[in-house]
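Trainee: I have a new model on my screen and would like to learn how to read it. Could you walk me through a few features?

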Amino acid sequence: MRESGVISGVSVSHKNACVETIEAACAPDQQTGVETLLAEEGVKEAFVLQTCNRAEAYVVTATPELGRRILADYVADVPEEAVVSLTHEGSLRHLMRVAAGLESLVIGEDQILGQLRTAYLDASGVGGLGRLLDDGIAKAIHVGERARTETEINEGTVSLASAATSLAARECDLEDATALVIGAGEMGSLAATSLADTVSTLYVANRTLPRAEAIAEVLETEATAISLDDVPAVVADVSVIITATGSPEPILSEKTLSKAAKTLIIDLAQPRDVALAAASLPDITIFDLDRLESVTDEAHEQRKAAAQRVAEMIDREFDHLLAQYKRKRADRVIAAMYESADHLKTRELQTAFSQLEATGGLTDEQREVVESLANSLVGQLLAAPTKSLRDAAEEDDWTTINTALQLFNPEFGAEPPAFVKAMTENDHPDPAATSAEDD
């Protein structure tokens, strides 16, 4: 079992970073990111989560200072204002919020839970998870599942992009459809992700091709990234277009759309991406922002109430996780205490048996009685200290625990075992410091 330590984390997300900045924070893949962190001296565990809207990394080290330094190097190419640093407890709480969908661009969206599970398997596959991160991520996934089964956090249409997909599904059959999303910003990314669950083929178009490629690579359907110059060549092949660019001029002209077959276009851009004249084309049906915004209002309120219930759920589960960590740490200390007592018991039994053998010996039954007596004495003598140690762990009283270890085994001396020293110094940063840093 790995020794204790402290978790440190960094997050670069849609909240304070653009797509290019998030890409700069990403490793080639999640497993490579974990391996890179594990290669750093002093890193005991590592975990990396990379999606379209976030790049996050976590390490377990002996001290929070070491963890922060290693993670600062990991995101050295990212502007400082785009990086959120997370302390030990801040990391654990943040992972729960991510899994529950509270940190998502669309509150309560389901995709992040699957992405977290994949990241968990990736980190586990290269030996990145030990006692701390394994328990923390498993708890986060559990919270994410509870949030979606016990609340309405993922019900209803919240974003304009998801509203667009719902509208498209009502207006035409998407099961075998080919769709085109124009724009690779937040709205375009959401639209592509939403459509990927239903259509068979998807094009993602953007003025800057690498941004379109970044989205296409992670979609769970056959997806191809194209430039805006290639849009006229594919409009005849698609039946649904969702467009959401920041262009001051229309992207889709009447001439371009004259080549299209029967096509539903949902224009999420402001100003509009579709030329007004295109509405006169017989095979083109266009919906704009005004038609969509009313669809989302009611669901926004529904998820807002659910989000509050999920936040309260996280508070309770967070307390349970900390108690779980404390029990495990106390059990490790108690196991060390029992091991020390067992060594002493075995030594004294051997001495007693040797003396008794010299005076005539013992029968097997008599030997069993003596051994049972010794075991009972050890159990009774350590019962009260065991309870005291568990109570001390609940109160984060590691001084008492360290003192108990030295009393039961003087070989511990003034320098406690490394895992106890790590618990005492690092497992629970000052709560005030945690709040200040995470803000």
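Trainee: Where do I start with contacts?

Mentor: A contact means heavy atoms within 4.5 Å. Here, among contacts between residues at least 6 apart in sequence, 70% join residues at least 24 apart. Mind that this is a predicted model: local features need pLDDT of at least 70, side-chain atom pairs count only at pLDDT 80 or more, and totals for chains, interfaces and linings use all residues. Residues are numbered from 1 along each chain as its sequence is written, and side-chain values use heavy atoms, leaving out hydrogens and water.

Trainee: How much of the chain is buried?

Mentor: Buried means under 20% relative accessible area, exposed over 50%, partly exposed in between (1.4 Å probe, protein chains only). Of the 439 residues, 50% are buried.

Trainee: Is T386 buried or exposed?

Mentor: T386 counts as buried because its relative accessible area is 8%. It sits in helix α13 and, leaving aside residues up to four places away in sequence, touches I334, M337 and Y338. Helices are DSSP runs of H or I, at least four residues, and strands are runs of E, at least two, numbered from the N terminus. The chain has 16 helices and ten strands.

Trainee: And E365, buried or exposed?

Mentor: E365 is also in helix α13, which covers residues 364-394, but E365 is exposed because its relative accessible area is 55%.
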